[in-house]
Amino acid sequence: MGVSWNSVFLETFYQILGWFAFSVWSFSFYPQVLLNYRRKSVVGLNLDFLVFNLTKHSSYLIYNAALFFSPVVQRQYHQKYGYNEMIPVAPNDVAFSIHAVLLTAFTIYQVFIYERGTQKVSKTCIGITVAVWGYAAISLIIAWPDGSWLWLVTSFNLIQVVMTAIKYIPQAWMNFTRKSTEGWSIGNILLDLSGGIANFMQMGVQSIDQNSLKNFYGNIGKLLLSLETIMFDIIFTLQHYVFYLKTKVEEDKIPNEDALARLLNESAKENDEKI
């Protein structure tokens, strides 16, 4: 039996926040894709971040799709948290997850066709990724005999929480060691931050309407996703606009190779004409 909203206004506001989060989070992938295309380079974009991001969004898609579409998983959720509790996954969560997997995969494709310098995926990243999917496989083996499907999809939710916590670290560290955010799109970060705030507000609206906090700990993954996203995006924003602003200004003053070559050619022509 479905659980209804008590307030039409809060239900509408919930949907608006959800689709706003979906929109800005979805658009947040494009500044980086366009930056890579414009530069024909992924130098400055950490490859470990991309691998972790694909694992994170794939896990989140499995969780959202299972809890949103599967009657069995929904029944087990209600058995655990109560039949008067709403399923804490909205249509925008599923739509976002599908889009995120596709765009992350496309960004990884750009790595293979554009200049990437000496950058490569680290052994640490490979080891963590193999361990995570190994954990997922073991969870499936454990859940299968008893049909513990809610426990299984919750394991995927745990994976996405952990991956969200660690995926930004390689990029933040790269920015720190380079003392620059060149190659890392700030547009991506500002949109991502807006989505994180809207996602958190959406959960708050549902809690107010239902007079319950169960949707927070019933979907701890969505809560931690929002908080982790906000925290790291603030760090990246500070790196770009505060910590390494001087470096960015200096980089902007340096002409690119094509412009420098044209300048030298024009100078040589002028000298030849004078001679």
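Tutor: Helices H4 and H7 are roughly perpendicular to each other, where angles of 65 to 115 degrees count as roughly perpendicular, under 35 as roughly parallel, over 145 as roughly antiparallel and the rest as oblique. The model is predicted, so local features need pLDDT of at least 70 and side-chain atom pairs pLDDT 80 or more, while totals for chains, interfaces and linings use all residues. Residues are numbered from 1 along each chain as its sequence is written, and side-chain values use heavy atoms, with hydrogens and water left out.

Student: At what angle do H4 and H7 pack, and how far apart are their axes?

Tutor: Two packed helices are described by the angle between their axes and the distance between the axes. Helix H4 covers residues 71-81, and it packs against H7 at about 95°, with the axes 8 Å apart. Helices here are DSSP runs of H or I with at least four residues, strands are runs of E with at least two, and both are numbered from the N terminus. The axes are lines fitted to C-alpha atoms, for helices over the stretch in contact, and angles run from 0 to 180 degrees between N-to-C directions.

Student: Which residues of H4 and H7 meet?

Tutor: From H4 come Val72, Val73, Gln76, Tyr77 and Lys80, and they meet Trp149, Leu150 and Val153 of H7; contact means heavy atoms within 4.5 Å. The residues of this contact divide into 6 nonpolar, 1 polar and 1 charged. In this division Ala, Val, Leu, Ile, Met, Phe, Trp, Tyr, Cys and Pro are nonpolar, Asp, Glu, Lys and Arg are charged, and the others, Gly among them, are polar.

Student: At what angle do the axes of H3 and H4 cross?

Tutor: The axes of H3 and H4 cross at roughly 85° and come within 5 Å; the two helices are therefore roughly perpendicular. Ala66, Leu67, Phe68 and Phe69 of H3 make the contact with Pro71, Val73, Gln74 and Tyr77 of H4. By class, the contact of H3 with H4 has 7 nonpolar, 1 polar and no charged residues.

Student: Are H3 and H6 roughly parallel or roughly perpendicular?

Tutor: H3 packs with helix H6 (residues 123-146) at an angle of about 10°, their axes 10 Å apart, and the pair is therefore roughly parallel. On the H3 side the contact is made by Asp48, Val51, Phe52, Thr55, Ser58 and Ser59, and on the H6 side by Cys125, Ile128, Thr129, Val132 and Trp133. This contact of H3 with H6 has 6 nonpolar, 4 polar and 1 charged residues.

Student: Is Ala143 buried or exposed?

Tutor: Ala143, which lies in helix H6, is buried at 0% relative accessibility. Buried means under 20% relative accessible area, exposed over 50% and partly exposed in between, with a 1.4 Å probe and protein chains only. Leaving aside neighbours within four places in sequence, Ala143 is in contact with Ser148, Trp151 and Leu152. The C-alpha atoms of Ala143 and Val153 are separated by 9.7 Å, the two residues being 10 apart along the chain.

Student: How many aromatic pairs are there?

Tutor: A pair of aromatic rings is described by the distance of the centres and the angle of the planes. Rings of Phe, Tyr and Trp (its six-membered ring) pair if their centres lie within 6.5 Å, and planes under 30 degrees apart are stacked, over 60 edge-to-face and the rest tilted. By this rule the count is 16 aromatic pairs. In one of them, Phe68 and Phe69 are edge-to-face, 5.0 Å centre to centre with 90° between the planes. Phe68 is partly exposed at 28% relative accessibility, whereas Phe69 is exposed at 55%.

Student: Why is the pair of Phe106 and Tyr109 tilted?

Tutor: The ring planes of Phe106 and Tyr109 stand at 40° and the centres are 5.9 Å apart, so the pair is tilted. Both residues lie in helix H5 (residues 91-113), 3 residues apart, about one turn of the helix. Phe106 is partly exposed at 39%, and Tyr109 is partly exposed at 46%. Elsewhere, Phe49, Tyr168, Trp184, Phe232 and Phe236 form one aromatic cluster.

Student: Over the face of which ring does Lys179 lie?

Tutor: Lys179 lies over the face of Phe176, at 3.9 Å from the ring centre. A charge sits over a ring if NZ of Lys or CZ of Arg is within 6 Å of the ring centre and within 35 degrees of the ring normal. Lys56 lies over the face of Tyr60, at 4.9 Å from the ring centre.

Student: What is the phi of Lys179?

Tutor: Most residues other than glycine have a negative phi. Lys179 has a positive phi of about 55° although it is not a glycine. Lys179 is in the loop between helix H7 (149-178) and helix H8 (186-210), and it is partly exposed at 36%. Lys40 has a positive phi near 55°, and it lies in the loop between helix H2 (29-39) and helix H3 (47-69).
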